[in-house]
Amino acid sequence: MSSTTCVVVWVSCGSKLENITTTTHQKSVVKCSNNNNDKIRFTSISSAAVAAASVPSRSSEEKVYEVVLKQAALVREQRKRRTIEIDDDFMTNLHLLNAAYDRCGQVCAEYAKTFFLGTQLMTEERRKAIWAIYVWCRRTDELVDGPNASHITPTALDRWEQRLNDVFQGRPYDMFDAALSHTVSNYPVDIQPFKDMIEGMRMDLRKSRYNNFDELYLYCYYVAGTVGLMSVPVMGIAPDSNSSTETIYNAALALGIANQLTNILRDVGEDARRGRIYLPQDELAQAGLSEEDIFNGKVTDKWRNFMKGQIKRARIFFDEAEKGVSELNSASRWPVWASLLLYRQILDSIEANDYNNFTKRAYVGQAKKLFSLPAAYAKAFLGPPKLTKMIMR
Ligand SMILES: CC(C)=CCC/C(C)=C/CC/C(C)=C/CC/C(C)=C/[C@@H]1[C@@H](COP(=O)(O)OP(=O)(O)O)[C@]1(C)CC/C=C(\C)CC/C=C(\C)CCC=C(C)C
Ligand SMILES: [Mn+2]
């Protein structure tokens, strides 16, 4: 790793820019004074700057970007095909392994039909690996969101993390774990994003308010940005991609963040009924809104304006994500485009509901969903890079 480059974080937001330079970090940060509208682009970063990470004033974006760099480096170094000894007793038997993956596929098909369909074009090996990761994520989410959520304690999450360590060491506890053990032995998937997702669940147990976007960003990374980082090593990067691995991981992270922000905006009413507000408190106050306003659930002009800003920000993350999709292996692009197009339409639906996300659930209708699949297919296989190449030939 080079130690000569420096961190440059550009946050651009319309015309109002404020330049802050912190020499200890060898870092130049251009910060936006209006949180509703910030755009984040990381251009380069150094290990020296990363080493200076103990300085307490780092933003969540900076902390998360360190993880992005680490994941990108792992793939670059091709630390693939780590040979993990999978417990003989449990599964030297290929038949059992296939059965484990089939069960993962069934869970995917049950919980996320469109996504399951989208995985059908991936190579069989990749498809199965993505299913195994999906099932682990779904199970992790269910711990705090599922029917037994009220019994979940930090100790239970510690045990889940210990189990994760075992899975990565080739000691699975059940069939789903076995599929994941195999997947992580086969692809350069790092344990960090998995641990971070569990950290997000811990956060959910102890926190129901977010002071500002920086805090919310960290939560979004933990529960969703991590999914992007887990998936890229399996989906693979196109052999002819000219983008840096960091850029691609950054886009993957952005898609997770965009999805989670959208999920939050869709579920404001539902979350409030559980006593939770996943919205930046400082931005609510700036918009003249109080907690009571959220709990009362009345759509006012103040609320509409606030929501416009939040939707705009989510769309910026989707735009950031778009830059990376075409860099993925061609067979992996379809499910990613499908996920991006479908989730982004939830934002349109919130607008169509006149910003009533208190009592109306924004959703993408069946017809729009069906239309999105060929649209995603077209983007995956007829996207600009290919067309350009065809024209140039
Ligand atoms: C192709 C593809 C989409 C692959 C990802 C597959 C995968 C491993 C998904 C796991 C999703 C999961 C169960 C996460 C647990 C936490 C959670 C529930 C997060 C929310 C998902 C939406 O779920 P749902 O609508 O069911 O929410 P409720 O539980 O009902 O509230 C999230 C909003 C986040 C999911 C995040 C992603 C799908 C990120 C995808 C990013 C990539 C695949 C990277 C793509 C790469 C580039 C370069 C852009
Ligand atoms: Mn959930």
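The legends below describe close-up views of a predicted model.

Residues are numbered from 1 along each chain as its sequence is written, while chains are lettered from A and ligands numbered from 1 in the order in which they are written. Because this is a predicted model, local features need pLDDT of at least 70 and side-chain atom pairs count only at pLDDT 80 or more, whereas totals for chains, interfaces and linings use all residues.

**View 1. Confidence of the model.** The protein has a mean pLDDT of 83, with 79% of its residues at 70 or more; pLDDT is the predictor's confidence in each residue, from 0 to 100. Residues 1-55 stay under 50, and the model has 91 contacts beyond four places in sequence for them. Residues 386-393 also stay under 50, with 1 contact beyond four places in sequence. Two residues are in contact if their C-beta atoms, placed from the backbone, lie within 7 Å. Where pLDDT is low, the predicted coordinates should not be read in detail. The scores of the model are ipTM 0.96 and pTM 0.84.

**View 2. The shell around ligand 1.** Ligand 1 is surrounded by 29 residues, of which C137, A224, G228, A252 and G324 are the closest. A residue counts as near if its C-beta atom, placed from the backbone, lies within 6 Å of the molecule. At least two residues each come from α6 (124-145), α10 (213-235), α11 (245-266), α15 and α16. Helices are DSSP runs (H or I, at least four residues), numbered from the N terminus. The largest share, 8 residues, is supplied by α11. By class the shell has 18 nonpolar, 8 polar and 3 charged residues; Ala, Val, Leu, Ile, Met, Phe, Trp, Tyr, Cys and Pro count as nonpolar, Asp, Glu, Lys and Arg as charged, and the others, Gly among them, as polar.

**View 3. Helix α15 against helix α16.** The axes of α15 (residues 301-325) and α16 (residues 330-352) lie 11 Å apart, at an angle of about 165°. The pair is therefore roughly antiparallel. Axes are lines fitted to C-alpha atoms, for helices over the stretch in contact, and angles run from 0 to 180 degrees between N-to-C directions. Angles under 35 degrees count as roughly parallel, over 145 as roughly antiparallel, 65 to 115 as roughly perpendicular and the rest as oblique. The crossing of α15 and α16 is left-handed; a crossing is left-handed if the near helix is turned anticlockwise from the far one by less than a right angle, and right-handed if clockwise. Residues in the contact include M307, I311 and F318 of α15 and W337, L340 and L347 of α16. The contact divides into 11 nonpolar, no polar and 5 charged residues.

**View 4. Helix α16 against helix α17.** α16 and α17 (residues 366-382) cross at roughly 140°, and their axes come within 8 Å. α16 is therefore oblique to α17. The crossing is right-handed. Among the residues that meet are W334, W337 and L341 in α16 and L373, Y377 and F381 in α17. This contact has 11 nonpolar, 3 polar and 4 charged residues.

**View 5. Helix α2 against helix α11.** α2 (residues 60-76) packs on α11 at an angle of about 130°, with the axes 9 Å apart. The two helices are therefore oblique to each other, and their crossing is right-handed.
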